[in-house]
Amino acid sequence: MIFRCNFVGSLVALLAISGPLFSQPPKPRMWPPINPAQARLDQTLGGLDGPCHAIAVNEAAELLVVAGEHGNLLSWPRSAWMGVRVGEKAPDAMNVHDGPITALVAASGSTLATAGSDRKIHLWSLPGRDAKLTLDTGQMVRALAVSADGKKLAAGDDSGTIHLFELPEGKPAGKLSGHTDWILAVAFSPDGKQLASGGHDGQVLLWDVPGAKKLLAFTFRPAPPANTPPLPIVPITAVTFRPDGKAVAGGDSVGQIHLLNPADGKLIRTMQAGHTSTVTGLAFHPSGTALASSGKDRALKLWNPETGQLFVNLEGHTSWVQGLVFLEKGTRLASVSTDQTVRVWDLTPKK
């Protein structure tokens with residue numbers, strides 16, 4: 001009897017130290033409420049020095065950054081995109097490439113990566129103006145992606161090769177070969193173990209990053225009618241992973257958006273009533289409950305990825321919309337256009 005009491009007492013003490021025997025799975029992160037169907041224009045930022053082709057947000061430096069035709073990075077502080085201080089809407093300009101910037105991505109901390117027509121990749125530590133690292137693939141790079149942990153950079157070039165680099169040192173970490181034409185888009189999975197790429201060859205390829213091997217290939221080229229020539233290849237111009245890693249979105253040059261299952265390579269759905277021209281950008285809301293797309297048809301759209309239905313078509317840009325990014329924990333969406341404006345859209349529910 002004494003032994004049993006001692007045993008129970010020891011067990012209670014052990015549980016008090018080590019916690020429960022069966023730990024509960026972590027609760028999903030809660031995001032501020034949004035209503036995509038009520039999204040509306042909140043701010044318009046001008047002062048661009050020409051057409052801009054990419055946009056990113058650097059949360060650590062609280063800067064919204066766009067990449068320009070003239071090799072400049074243009075940036076605004078958080079107070080400008082939130083409309084707190086109207087006088088700060090003129091962007092800060094920094095020349096970073098000899099020629100147009102072809103790709104832009106936010107890395108970890110206050111770091112940005114850019115690629116240009118000068119065939120250079122630069123890593124910048126903002127708000128400074130000196131490149132902390134310069135990389136050279138020998139080819140023009142049109143697509144960049146950084147893993148969520150900030151430890152890997154992927155650069156897709158015009159030879160159809162994806163170059164992997166270790167960050168922050170910039171050490172080469174292998175190459176992925178499988179595309180037969182320009183690579184136009186790359187995106188890491190949330191855990192960084194997979195990479196999706198889209199190219200001018202009409203393929204979406206899924207890669208195992210640690211193993212440096214191709215896992216799956218998707219193509220959306222429809223079968224031609226009997227006794228007719230093959231239909232033209234449809235380039236893949238944008239790719240992104242859903243935040244839970246269970247779907248990949250791919251946009252193409254004829255305006256279609258496809259959702260794919262990376263586990264088995266099957267098509268989940270194709271968005272109906274999509275863009276009428278090239279899809280230039282795709283971004284999932286951090287919660288995964290909305291998908292944003294931009295296109296050369298001047299349109300910016302918000303979709304329900306579960307049903308494929310359109311929440312809202314955001315109108316206002318007067319020329320190609322070239323990129324988009326979610327801000328403020330998903331309560332804002334920023335878009336950049338060749339009309340030389342950045343527009344910030346409010347997704348919070350109307351009161």
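Which relative accessibility does Glu-166 have, and does that count as buried or partly exposed? Glu-166 counts as partly exposed, at 32% relative accessibility (buried means under 20% relative accessible area, exposed over 50%, partly exposed in between, with a 1.4 Å probe and protein chains only).

A word on the ground rules: this is a predicted model, in which local features need pLDDT of at least 70 and side-chain atom pairs count only at pLDDT 80 or more, while totals for chains, interfaces and linings use all residues. Residues are numbered from 1 along each chain as its sequence is written, and side-chain values use heavy atoms, leaving out hydrogens and water.

Nine salt bridges are found in the structure (a side-chain nitrogen of Lys or Arg within 4 Å of a carboxyl oxygen of Asp or Glu). Among them are these:

| Pair | N to O distance |
|---|---|
| Arg-142 and Asp-158 | 2.7 Å |
| Lys-152 and Glu-166 | 3.7 Å |
| Arg-332 and Asp-346 | 3.2 Å |

Let us start with Lys-152 and Glu-166, which form a salt bridge. Lys-152 sits in strand β11 and Glu-166 in strand β12, so this pair ties together parts that are 14 residues apart in sequence (strands are DSSP runs of E, at least two residues, numbered from the N terminus). Lys-152 is partly exposed, at 22%.

Next, Arg-142 belongs to strand β10 and Asp-158 to the loop between β11 and β12, so their contact links parts 16 residues apart in sequence. Arg-142 is partly exposed at 25%, whereas Asp-158 is buried at 16%.

Finally, Arg-332 is buried with a relative accessible area of 11%, and Asp-346 is buried with 9%. Through shared partners, salt bridges join Arg-332 and Asp-346 with Arg-40 and Asp-42 into one network.

Methods: Helix = DSSP H or I, 4+ residues; strand = E, 2+ residues; numbered from the N terminus.
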